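Biologist: I have a structure to go through with you. Can we take it one question at a time?

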Amino acid sequence: MLFLKYIWLIPLFPAFGATMMFFFGRRLQKAAVSAVCVGVVVVAFLFGCGAVWQYTHWSAAPEHYHQPFEKIVYTWLGSGDGHLNFVKRDGSLASFNADAGFLLDPLSSIWLLFVTGVGMLIHIYSVGYMAHEGGYYRFFGYLNLFMFSMLMLVLANNYMLLFVGWEGVGLCSYLLIGFYFHRKSASDAANKAFIVNRIGDAGFILGALTLAWYLGSFRFTDINTLVRSGAFHIGDPVLTIAALLLFVGACGKSAQLPLYVWLPDAMEGPTPVSALIHAATMVTAGVYMVARSNAVFVLAPNAMKTVAIVGALTAVFAASIGLVQNDIKRVLAYSTVSQLGYMFLALGVGAFAAGVFHVFTHAFFKALLFLGSGSVIHAMSGEQNMRNMGDLRGRIPTTFKTMFVATLAIAGIPPLAGFFSKDEILWQAYRSADGGIPYLWLIGFGTALMTAFYMARLIFLTFYGKPRMSHEVEHHIHESPKSMTGPLVVLAICSVCAGWLGVPASLGGSNGFGKFLEPVFAHNDAAAAAIAPAEPQEPAGEEHRGLEWGLMILSVGAAVVGGGWAYGYYANAGKDYPEPIAVKAPPLYTVLYNKWFVDEGYDYVFTGRRKIGKVRLGAMGAGEASSWFDAKIIDGAVNDVGWVTRAVATLSTWWDKWIIDGVGVNGPAILARMISYPTRLFEWGLVQWYALVMVAGLLGFGVYYVWK
Amino acid sequence: MVEITTFHYLVVAAALFVLGVIGVLTRRNVVIVLMSIELILNAVNLNLVAFSRMWGNLHGQLFAIFIVVDAAAEAAVGLGILIAFFRNKETVNVDEIDLLKW
């Protein structure tokens, strides 16, 4: 049990690589950087394989049959001894405690394997792709940091630790989208991704705290046990709110309506990043988190319905935009959003295993498509616009073949991976029509049609038709190095075979994938049955099987028809080829080409970068309003107070100057001076005059007395 | 020959007094003013001595001696002030001595 015991080492391998790059990367040779960073991920992958292999044995033992394996390394937040408590909803105290604990069960096993596996291939691919780029060590340091965060997210045994990984992958996504930070569009896209994700993260943390407030724990095992204990009824309002808040988080991270806008812009990052983070792994974190919280969601049917509807709408919405985009990576980005919508549709109709299965298969073929598109862009000297491509199939044959396989897989052609997972989802969506959402299957079916169309369009525009690039670019076209084509081939093989793990019973398979996941999800049926009387289940009989086959044939037909249409329109596309939608419905084309004007709408309503008339709404509007409030009301009040003070001071100065000093102090002085003027006349200062006056006075007296 | 009576003395003394007063009032030089004051004092002395003779006692003469002493003291003090003043102002003209003005 070595690997299980030291499971906490798995995230630490890439963390070690990231740390090395942080401190020493600048001084290392490119070869050393590749050796360290790819090496740690390979080690993590091998270690992960070992851990999962040991887990299957461990959980087969009767004493912990189908139990999740938990390894708590130390108490990370709070305390385990009741010293740090918080008040629960019912008024009782609960110990605040989040461990640095690792949980391995079938769900996290799957994520662990494909995150490290696909991650490893993309690391290898990046060695070739980034060979001529600056910031080589920085790129690999970020990639390793991402691997660390993603593994923490996947292996965490509680919501708080999961949130660490959740924020970590968000940070790495930001850093890698903005990898070419000197380009304004890249740094804008990075900011957009980070900010939009914050909205979701707020929902996630509120959801996790709501659960803790209600249930008293952050640990998945505790929460599952409590929720499945039957103490809560279906539709419990607090659980519904918690589930919806968690889903808001999932919407942000997994690019669902209405928070999907960051993902297409995220294609500003280097292509391996688009493949690893924005297609295969990080964006599935939302799916993982919802699947991880399945016990809560099952008790919140309204939340489930929301998840399903949002997922279905996202699927069809993003697919419709993907129909007309010309940037090869943007088509794939919208395809990713659309496929994530499928996954949420599956989760929402209760088919958790089907959703997870689609995550699993999607990781391979979407990573392959992105890496293939990276190879195409590499060959085209950086050109991403499909209007300037064409006829590449003979010039970069390996890329063409592997991308063609991936396209068949995503379009749902049997027996490739996408067929099984997508059909499972469509089938489950159809079955849930009894539950009151009958149009979900129809939406999924339409999306499948569109998926086939836009993927075939991508292939035909890129690899078929007439060469539309400039002569200089055409001259430079070359197949990518082995380090890039190697991962493509491996992923192509996985894209073919991954689906065989989950062949449904109706096709004679055993759906091993679903069985593997049963310990995680199967309790729900039992719990639900224990609480509410089970609804009459349709027997999985023969007539049922016929319906399933019918739907399969329909969806394969849709894939073929979609591909066929694209073949008809684009297979011989020369310069200035017409877009069929633009020809038939120009207004629709404008709307789709401009992505339903969602970004513009957000600019009007939420960011406030655009004004409606003279009114500015959203964040900048709020900013302007508060700026106005500050300048006019707050500062105005301050100024008014100042004005009053000044007026009083002026008055007081005047009083002091004219009344106190003037009348009170200077007044007597002036009076004295006025009196002094006549008085002064008698003061000659000449002794003889005084004497004369004395004599005159004496004479006067004399005369007076003599003549009296 | 007319007998010299008290009246004659008084006339002389009055003339002397008027001369003194005129001297005090008109002369600019302080020394002359002081001398004129001596004239006034001596006019008074003459009066006193005349009345002493008229009454046949010595009271008037006694007073005259007092006044002589007083005049001497006054001359000493007055000339002292004058010299001190001259050192400061370099003048002995009484119309230029107007420091008592405001």
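Biologist: What is the secondary structure of chain B, and which pattern does it follow along the sequence?
Modeller: Keep in mind that this is a predicted model. Chain B comes to 3 helices and 0 strands. Read along the sequence, the pattern of chain B is α-α-α.

Biologist: What radius of gyration does chain B have?
Modeller: The C-alpha trace of chain B spans about 55 × 25 × 25 Å along its principal axes. For 102 residues the globule rule gives 13 Å. Chain B is well over that, so it is more spread out than a compact globule; its radius of gyration is 17 Å.

Biologist: What percentage of the residues of chain B count as buried?
Modeller: Being buried takes 20 or more other C-beta atoms within 10 Å. Chain B has 102 residues, and the part that counts as buried is 14%.

Biologist: How do helix 2 and helix 3 of chain B run, roughly parallel or roughly antiparallel?
Modeller: Helix 2 covers residues 30-55 of chain B and helix 3 covers residues 59-89. Their axes lie 8 Å apart, at an angle of about 175 degrees. Angles over 145 degrees count as roughly antiparallel. Therefore helix 2 of chain B is, relative to helix 3 of chain B, roughly antiparallel.

Biologist: How many residues of the contact of helix 2 with helix 3 of chain B are nonpolar?
Modeller: Helix 2 of chain B contributes residues including Leu34(B), Leu41(B) and Phe51(B). Helix 3 of chain B contributes, among them, Phe63(B), Ile67(B) and Ala75(B). The contact has 1 charged residue and 6 polar ones; the nonpolar count is 15.

Biologist: Is Ala75(B) buried, exposed or partly exposed, and which of these applies?
Modeller: Ala75(B) sits in helix 3 of chain B. In space, C-alpha to C-alpha, Ala75(B) is 9.6 Å from Val31(B), though the two are 44 residues apart in sequence. Ala75(B) has 15 other C-beta atoms within 10 Å, so the class is partly exposed.

Biologist: What radius of gyration does chain A have?
Modeller: Chain A comes to 29 helices and 4 strands. Its C-alpha trace spans about 165 × 70 × 55 Å along the principal axes. A compact globule of 708 residues would be near 27 Å, but the value for chain A is 38 Å.

Biologist: Among contacts in chain A between residues at least 6 apart in sequence, what percentage join residues at least 24 apart?
Modeller: Of the 708 residues of chain A, 49% count as buried. For the contacts you ask about, the part joining residues at least 24 apart is 79%.

Biologist: How many charged residues are in the contact of helix 4 with helix 5 of chain A?
Modeller: Helix 4 (residues 106-129) and helix 5 (residues 136-155) of chain A pack at about 175 degrees, axes 10 Å apart. That makes the two helices of chain A roughly antiparallel. Trp111(A) of helix 4 and Phe139(A) of helix 5 are among the residues making the contact. The residues divide into 10 nonpolar and 4 polar, and the charged count is no charged.

Biologist: How many residues of helix 18 of chain A are buried?
Modeller: Helix 18 of chain A takes in residues 417-431. Its 15 residues should span 21 Å, and the end C-alpha atoms are 22 Å apart, which agrees. Helix 18 of chain A is mostly covered, with a buried count of 14.

Biologist: How many residues does the contact take from chain A?
Modeller: Chain B gives 11 residues to the contact. On that side, 8 are nonpolar and 3 charged, with no polar ones. From chain A the contact takes 10 residues.

Conventions: Residues numbered from 1 in each chain as written. Chains lettered and ligands numbered in written order. Predicted model: local features only at pLDDT ≥ 70, side-chain atom pairs only at ≥ 80, totals over all residues. Contact = placed C-beta atoms within 7 Å. Nonpolar A, V, L, I, M, F, W, Y, C, P; charged D, E, K, R; others polar. Axes fitted to C-alpha atoms, helices over the stretch in contact; angles between N-to-C directions. Parallel < 35°, antiparallel > 145°, perpendicular 65-115°, else oblique. Expected span 1.5 Å × (residues − 1). Buried ≥ 20, exposed ≤ 12 C-beta atoms within 10 Å, placed from the backbone. Rg over C-alpha atoms; globule rule 2.2 N^0.38 Å.
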